[in-house]
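Subject: Structure handover

Dear colleague,

Here is the structure I said I would pass on. My notes on it follow below.

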Amino acid sequence: MTRLSAMEEVVNGIIMEFESRKDEIVEPFTTIYIGGGTPSVVPVDILLPLIESLPTESVREFTIEANPDNITPELVARWKQAGINRVSLGVQTLDDKVLKSIGRRHNGRQAIEAIKMIAEGGINNISADLIYGLPGISQNRWEQDLDAILNTPITHLSAYSLTYTEGTMLYKMWQQNRITPLSDEETELRFNTLRNMTAAAGFEHYEISNFAKKGYKSQHNSTYWMPEGKWLGLGPSAHSFDGTTRRIDIPDTSEWLSRLPHPYTIDEETDLDRVNDIIVTTLRTANGLNLNDIPEKYRHRVLESASRHIASGAISKNFENLRIEQSLWLISDAFIRDLIIL
């Protein structure tokens, strides 16, 4: 099977899955996100049947993930014509040497040019992804990357601290002592630099790793962080939640195709699991946790667990709302763990 025919088979499979599962979510779809890798390498002519099969009449935000080296004026024009109004660009860093060392195909110049090309093509909602803690990126280089990116037409920035995931090239290099992870102090310095420079550029820090200009928070991702959020995920490894049931699509593409039109397993979630999900997701955001979203029988236990952090000032309480202080978001997991109900 050729690469293009394999892409076409997966796209047709997603269309089939959608047709069989679209009624899982009763409410109109307001966002669409084509991601999970590098969908920008899929030719538009292969993607178009999928886009045309989706209910876009109520959609306000239609995002596609992309690599900088795939962007051309012609591609942007086709995306815009198809209804895509937001692009999430995987920049990671603007340092050419580091990009090459982590196996990225683009360089820093291409990343900046890609952002400009997207904006000039009429898609003005642009998100860029950066990673801090990459080996070879000094504090000075991190500041240069931020300054350069924040002076492009982006409206949204996602910035993540590097994690060493087993099976990746960076994990192998770390295990072989070929690279040294940042110290806690260095990571905190990168994070505070990120917060300060984005704020100075007019970006709101609305979730641990996400920053947006006014009116440009990611509507799609925000659904995952809301207690009432529901979403339908399609394709290998996709996750779905209809308000009561979680479904996880088979990660292996061949097996996923063979299991169509229902290529998923069901993750049985208890009421307590759902409570803990709400605690974990909402406390990562500027909105925080509304205790009214927690069933009454668990509410006192959450508040009791939070009490010492409220007393220390790490968590603020405003009526029924709990928020972790933003300056402590980098270590928020420590506070969230304390609130988890076992």
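Where is Ala 148 placed? Ala 148 lies in helix H6, residues 139–150; helices here are DSSP runs of H or I with at least four residues, strands are E runs of at least two, and both are numbered from the N terminus.

Before the rest, the basis. This is a predicted model, in which local features need pLDDT of at least 70 and side-chain atom pairs count only at pLDDT 80 or more, while totals for chains, interfaces and linings use all residues. Residues are numbered from 1 along each chain as its sequence is written, and side-chain values use heavy atoms, with hydrogens and water left out.

Overall

The secondary structure comes to 13 helices and 13 strands. The radius of gyration, taken over C-alpha atoms, is set against a globule rule of 2.2 Å times the number of residues to the power 0.38. For 342 residues a compact globule would have a value near 20 Å, and the protein's 21 Å agrees with that. The C-alpha trace spans about 60 × 50 × 45 Å along its principal axes.

Of the 342 residues, 46% are buried, where buried means under 20% relative accessible area, exposed means over 50%, and partly exposed is in between (1.4 Å probe, protein chains only). Taking contact as heavy atoms within 4.5 Å, 66% of the contacts between residues at least 6 apart in sequence join residues at least 24 apart.

Ala 148

Ala 148 counts as partly exposed, at 28% relative accessibility. Not counting residues up to four places away in sequence, Ala 148 touches Leu 94 and Ile 112. Ala 148 and Leu 94 are 54 residues apart in sequence, with their C-alpha atoms 8.6 Å apart.

Helix H11

Helix H11 covers residues 271–282, and its end C-alpha atoms are 17 Å apart.

Ile 279, in helix H11, is buried with a relative accessible area of 0%. Leaving aside neighbours within four places in sequence, Ile 279 is in contact with Leu 289, Ile 294, Val 302, Ile 336, Leu 339 and Ile 340. Ile 279 and Ala 114 are 165 residues apart in sequence and 38 Å apart in space, C-alpha to C-alpha.

Backbone points to check

Most residues other than glycine have a negative phi, and most peptide bonds are trans.

- The peptide bond from Leu 260 to Pro 261 is cis, with omega near 10 degrees. Pro 261 sits in the loop between helix H10 (253–258) and strand S10 (264–267).
- Gln 92, in strand S3 (residues 86–92), has a positive phi near 70 degrees. Gln 92 is buried, at 11% relative accessible area.
- Asn 177 has a positive phi of about 60 degrees and lies in the loop between helix H7 (169–175) and helix H8 (184–200). Asn 177 is exposed, at 69% relative accessibility.

Regards

Technical notes: Expected span 1.5 Å × (residues − 1).
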